[in-house]
Amino acid sequence: MSTEVHAGIARADVVGSLLRPEYLRQARQAVREGRMSEDELRAVEDRAVLEAIALQEAAGLDVITDGEFRRQSWVVTIPLREDPVHKAPLVGFEYLPADPGWWALWKEPNGRPAQLWTTVERQPFVTQRIQVGRDVVTDEYGFLKAHAHVRTKFTIPAPSWHRIFWHREYSRSAYPTPEDFLQDIARYLREHVVRRLRELGCDYIQLDAPNYAQWHVDPGNRAAFEAAGHDMDAELIADAEIDNSVFEDIRGITRAIHICRGNGPGGRWLASGGYDRIADVVFPRLTNYDRLLLEYDSERAGDFTPLRHVLPHHQVVLGLITTKRGEVEDPAQVEARIREAARFVPLARLALSPQCGFASGEQATTTTPAQQEAKLRLVADVARRVWPESRAR
């Protein structure tokens, strides 16, 4: 494809979340304890989002988010933990006792079991047909769009991620199969999220689907799911096809999906393994996506050879800048890795970003605000050097 075709590509991208300011965390705790009203919290969130906008624009990014500052975590649709501060966009689920499941798969930075599941007494599972509880798009995106001076995007979990919320005992009366549930999530995203975002002028929508790498590429994780009764080969195909359906017949916007291996507190992670286990099944099925944001910051992500399976129209955003440690990468090494990836996908179809958000939840300690800013500037600076035709700042 010609350079002209890709002149509008956002070369310097960001995945979504940013470090929560301490005053924002304190405000949320004050609401939980009844010392602050929800209206007062909204004003605090507004301040934080304005600061996030300023930070990203000053860094030189081509596209920005609101830092996900109005969320408990990136899992906004059905929160992983009960929290009176967070009103979920969806209703129809309950927090119920269950085996640890995927929570038991978390690892410490050194690879040892993290046992995060010991802090989870109940998990959310769908028990009724889902309905819309609040308009998450208006609540979050409208303010960002009104105050940003560069391109903006909206992030939300993909349908496939919601598979963990279907339970064989609790969910069958509402949805006989997990695929029935995921298809309903896809309809919700298409009719209530994508449609509303387009009405507000959003032209970049990112679905987050870490499950592809978390459950399928790591042999131990895959075995754990199989032992729990999952047909992993069938589910991989079903998930890709359902995720693809969200953007069926939708054009004129950037349709993106983000895949990573877990971004827990303290640098914890879920999976190790390259994309070769899923690439030939998933990437060709994402026909309705323009952009794949892929984690590539460590050896746990494997090499670039699986990129040979992306479709000819796919842009690949290389997540080469880590959010799991504070040391800022060497620009020359980042550029060298981009050019290595260009052996499999033309340079004109590549872009750069951090490998994940800086704070998938409210708590994050792997980077400082100063390191976060330096890494965002690094993304923009390297992008300008590698793709000099991209918009200068």
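Tutor: We will take the sheet, the helix packing and a few single residues in turn.

Tutor: One note before that: this is a predicted model.

Student: OK, the sheet. What's the strand order in the open sheet of six strands?
Tutor: The order is S5-S6-S7-S8-S9-S10, and the pairing is parallel.

Student: Which strands stand at the edges?
Tutor: Strand S5 (154–157) and strand S10 (350–354). Each has a single partner strand, so one side of each has no neighbour in the sheet.

Student: And what does the twist average from one strand to the next?
Tutor: It averages 25°.

Student: Stay on S5. How many bridges does S5 make with strand S6?
Tutor: S5 and S6 (residues 204–208) pair in the parallel sense over four bridges. Pro-157 has Asp-208 in S6 as its bridge partner.

Student: Which way do the S5 side chains point?
Tutor: Phe-154 and Ile-156 point one way, Thr-155 and Pro-157 the other way. All of these are buried. In a regular strand, side chains alternate between the two faces of the sheet.

Student: What about S7 and S8, how do they pair?
Tutor: Strand S7 (residues 254–259) and strand S8 (residues 291–295) also pair in the parallel sense, over four bridges. Ile-259 stands opposite Leu-294 in S8.

Student: Which strands does helix H9 lie across?
Tutor: H9 (residues 331–341) lies across strand S9 (315–321) and S10, and runs at about 150° to S9. Helix H10 lies across S9 and S10 too, running at about 170° to S10.

Student: On to helix pairs. At what angle does H10 pack with helix H2?
Tutor: H2 (residues 38–59) and H10 (residues 369–386) pack at about 40°, with their axes 8 Å apart. The two are therefore oblique to each other.

Student: Which residues make that contact?
Tutor: From H2, Leu-55, Gln-56, Ala-58 and Ala-59; from H10, Gln-372, Glu-373, Leu-376, Arg-377 and Ala-380. By class, that is five nonpolar, two polar and two charged residues.

Student: And H3 with H4, what's the angle there?
Tutor: Helix H3 (residues 136–147) and helix H4 (residues 178–199) pack at about 30°, their axes 10 Å apart. That makes H3 roughly parallel to H4. The crossing is right-handed.

Student: Which residues of H3 and H4 meet?
Tutor: Val-136, Val-137, Thr-138 and Tyr-141 in H3 meet Tyr-188, His-192, Val-193, Arg-196 and Leu-197 in H4. The contact has six nonpolar, two polar and one charged residues.

Student: Different topic. Where is Trp-269?
Tutor: In the loop between S7 and helix H8 (279–282).

Student: Is Trp-269 buried or exposed?
Tutor: Trp-269 has 10% relative accessibility, so it counts as buried. Leaving out residues up to four places away in sequence, Trp-269 touches several others, including Leu-105, Trp-106, Pro-109, Arg-261 and Arg-300.

Student: What about the phi of Asp-249?
Tutor: Also positive, at about 65°, and Asp-249 is not a glycine. Asp-249 sits in the loop between helix H7 (232–245) and S7.

Student: And are those two buried or exposed?
Tutor: Glu-68 is buried, with a relative accessible area of 3%, whereas Asp-249, at 60% relative accessibility, counts as exposed.

Key. Residues are numbered from 1 along each chain as its sequence is written. This is a predicted model: local features need pLDDT of at least 70, side-chain atom pairs count only at pLDDT 80 or more; totals for chains, interfaces and linings use all residues. Side-chain values use heavy atoms; hydrogens and water are left out. Axes are lines fitted to C-alpha atoms, for helices over the stretch in contact, and angles run from 0 to 180 degrees between N-to-C directions. Angles under 35 degrees count as roughly parallel, over 145 as roughly antiparallel, 65 to 115 as roughly perpendicular and the rest as oblique. Contact means heavy atoms within 4.5 Å. Ala, Val, Leu, Ile, Met, Phe, Trp, Tyr, Cys and Pro count as nonpolar, Asp, Glu, Lys and Arg as charged, and the others, Gly among them, as polar. A crossing is left-handed if the near helix is turned anticlockwise from the far one by less than a right angle, and right-handed if clockwise. Two strands pair if DSSP finds at least two bridges between them. Buried means under 20% relative accessible area, exposed over 50%, partly exposed in between (1.4 Å probe, protein chains only).
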